[in-house]
Amino acid sequence: MAGVLCKCTPKRNSYGFNELLFGVRKGRNGFRTQRNVSTIVLPPLLKKKFFKWKSVMGKNSPVFSMDARERSKSLILKSSKQKRVPVFVMMPADSFSIDTLGTIRIKRLKALSASLKALKAAGVHGVAVEVWWGVVEHTSPYSYDWSLYEELFKMVSEAGLKLHIALCFHSNARLSSQHKGSVSLPLWIQKIGAIDRDIFYRDRSGNFCDDYLTLGVDELPLFCGRTALQCYEDFIFSFLDKFDLLIGHVIEEISVGLGPAGELRYPAHPSADGRWRFPGIGEFQCYDKYMMEDLKIAASQEGKPQWGENGPQDVGSYKSSPSGVPFFEAGHKSFLSDYGHFFLEWYSGKLIHHADAILGKVADMLKKYQQDDKTSVLLVAKIGAIHWWYHTLAHAAELTAGYYNTAQRDGYDPLALVLFRHGAALHLSCLEMRDRDTPPGYFCSPEGLLQQLQAVSKRRTISLTGRNCVDRCDKAGLEQIQTNCTEAEILRSFTYFRLSSSFFNPEKWHNFVPFVRKMNAEQ
């Protein structure tokens with residue numbers, strides 16, 4: 001199918017996912033050999049089932065596993081406490097535009113240059129830049145145009161600022177207000193999706209979400225002969241090759257997009273089209289044909305083929321509260337049942353496997369920059385801040401997003417193990433939020449979620465980075481950010497979200513500058 005849409009001849013670089021995922025490489029005689037691999041240490045529920053489930057590639061496909069002996073490769077912790085917290089500021093969402101000839105250009109160059117100089121003078125460490133798959137590889141596969149980012153990175157470097165790069169494999173077209181700065185997935189991906197809608201996530205009602213490719217196609221060669229993982233891999237390899245001289249010097253942090261909004265999660269709470277509204281529990285996103293095929297295989301291997309016929313029943317709808325929804329209560333058909341355990345371990349396990357595959361490959365690519373402190377670069381993975389219904393038994397909103405985190409189970413620990421294995425930091429948002437600022441009755445706890453993530457990060461010795469969820473330049477919001485940053489002893493950096501037309505208004509700016517100075521001071 002996909003081959004009809006393009007005339008490309010697939011070319012794979014030396015960083016193949018076969019070797020990463022399966023320990024397989026070609027020997028001199030051309031035959032494949034498999035390296036010895038051992039299994040990651042996981043919590044009992046996940047350990048028992050997840051890694052024995054094969055993908056839809058077939059029964060003989062080896063399953064990715066981790067070598068405990070390589071855990072010492074963690075590249076991120078130099079000390080148990082960071083004395084200062086560098087501040088990055090994220091670039092505006094609409095920082096570029098397309099001219100009449102179809103060329104993408106930076107908007108308001110003089111204003112941007114002045115803004116960068118002002119940030120530097122205020123003590124800001126660097127800026128965060130979103131690097132979009134839909135911009136760079138827009139027209140056809142393997143055709144990468146980095147000219148926009150070459151110009152932008154040069155401006156940032158000349159201003160004396162550092163870079164946090166967010167590699168974005170998602171679309172923000174539904175989220176951008178009035179389509180300002182909206183970026184869709186690459187055009188050639190959209191063409192494939194027009195024929196095969198199941199490359200995107202689908203809910204139980206048949207609604208598709210085309211913001212990110214479904215995890216069901218991670219290992220299926222549907223994209224001009226490449227799998228989704230290979231598409232991500234080739235893009236990252238091209239980026240590192242293009243900006244090799246900046247990495248570890250100007251580029252200090254690289255976060256890799258792992259899902260919608262760049263976060264490792266399912267699109268369970270789609271607000272743009274009105275299906276979901278806060279504080280709804282959301283819906284499970286596993287109904288595309290590729291995910292359902294994988295679920296059937298997992299159920300069959302569990303000896304319960306009937307469990308693979310459909311997703312969970314009695315789960316409410318996007319806008320439901322968990323009260324009165326059988327699956328999220330304590331009944332015999334709930335998330336506490338044998339079926340509930342099976343489904344949630346499979347559903348969350350797909351996310352963990354996705355992160356494992358991508359972060360493992362990027363960490364391997366970044367090894368050459370980790371030889372000494374002068375060229376080190378921090379690999380970062382983002383997760384969503386699903387804090388509503390946190391003070392309930394099921395944590396329903398987290399479950400639909402793919403985090404098997406309940407009052408009885410730490411769902412973030414398996415992910416932390418993966419990050420530790422690959423020397424990656426965990427990026428979390430909501431650093432400006434307090435429990436008392438959330439609406440009563442929804443059992444929200446952004447502070448409780450943050451404390452849990454801090455605890456698991458300390459336990460697994462991984463670093464944290466963070467940002468705010470909403471624009472808060474008032475004194476109370478900035479003070480809460482500073483408190484959370486300084487109390488989190490392993491927080492490596494903070495990103496302010498984001499630069500806007502009102503950012504330099506006197507009131508905001510007069511609050512922001514002292515905040516940066518406090519973050520720069522030794523605690």
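Residues are numbered from 1 along each chain as its sequence is written, and side-chain values use heavy atoms, with hydrogens and water left out. In this predicted model, local features need pLDDT of at least 70, side-chain atom pairs count only at pLDDT 80 or more, and totals for chains, interfaces and linings use all residues.

**Exercise 1.** Determine where Asn 484 is placed and what Asn 484 touches.

Solution. 
- Step 1: Asn 484 belongs to helix α14, residues 475-487. Helices (H or I, at least four residues) and strands (E, at least two) are DSSP runs, numbered from the N terminus.
- Step 2: The relative accessible area of Asn 484 is 8%. Buried means under 20%, exposed over 50%, partly exposed in between (1.4 Å probe, protein chains only). Asn 484 is therefore buried.
- Step 3: Contact means heavy atoms within 4.5 Å. Not counting residues up to four places away in sequence, Asn 484 touches Leu 431, Met 433, Leu 450 and Gln 454.

**Exercise 2.** Is Gly 466 buried or exposed, and which residues is Gly 466 in contact with?

Solution. 
- Step 1: Gly 466 sits in strand β13, residues 464-467.
- Step 2: With a relative accessible area of 0%, Gly 466 is buried.
- Step 3: Leaving aside neighbours within four places in sequence, the contacts of Gly 466 include His 427, Leu 428, Leu 431 and Phe 494.
- Step 4: Leu 426 and Gly 466 are 40 residues apart in sequence, and their C-alpha atoms are 8.1 Å apart in space.

**Exercise 3.** Describe how α14 and α15 are arranged.

Solution. 
- Step 1: Axes are lines fitted to C-alpha atoms, for helices over the stretch in contact, and angles run from 0 to 180 degrees between N-to-C directions. The axes of α14 and helix α15 (residues 506-520) come within 10 Å and cross at roughly 10°.
- Step 2: Angles under 35 degrees count as roughly parallel, so α14 and α15 are roughly parallel to each other.
- Step 3: Among the residues that meet are Leu 478 and Ile 481 in α14, and Phe 512 and Phe 515 in α15.

**Exercise 4.** How do strands β8 and β9 pair?

Solution. 
- Step 1: Two strands pair if DSSP finds at least two bridges between them. Strand β8 (residues 200-202) and β9 have three bridges, in the antiparallel sense.
- Step 2: Arg 202 has Phe 208 in β9 as its bridge partner.
- Step 3: Five residues lie between the strands of this hairpin, where Gly 206 takes a positive phi near 95°.
- Step 4: In β9 (residues 208-213), five of six residues are buried.

Methods: Parallel < 35°, antiparallel > 145°, perpendicular 65-115°, else oblique.
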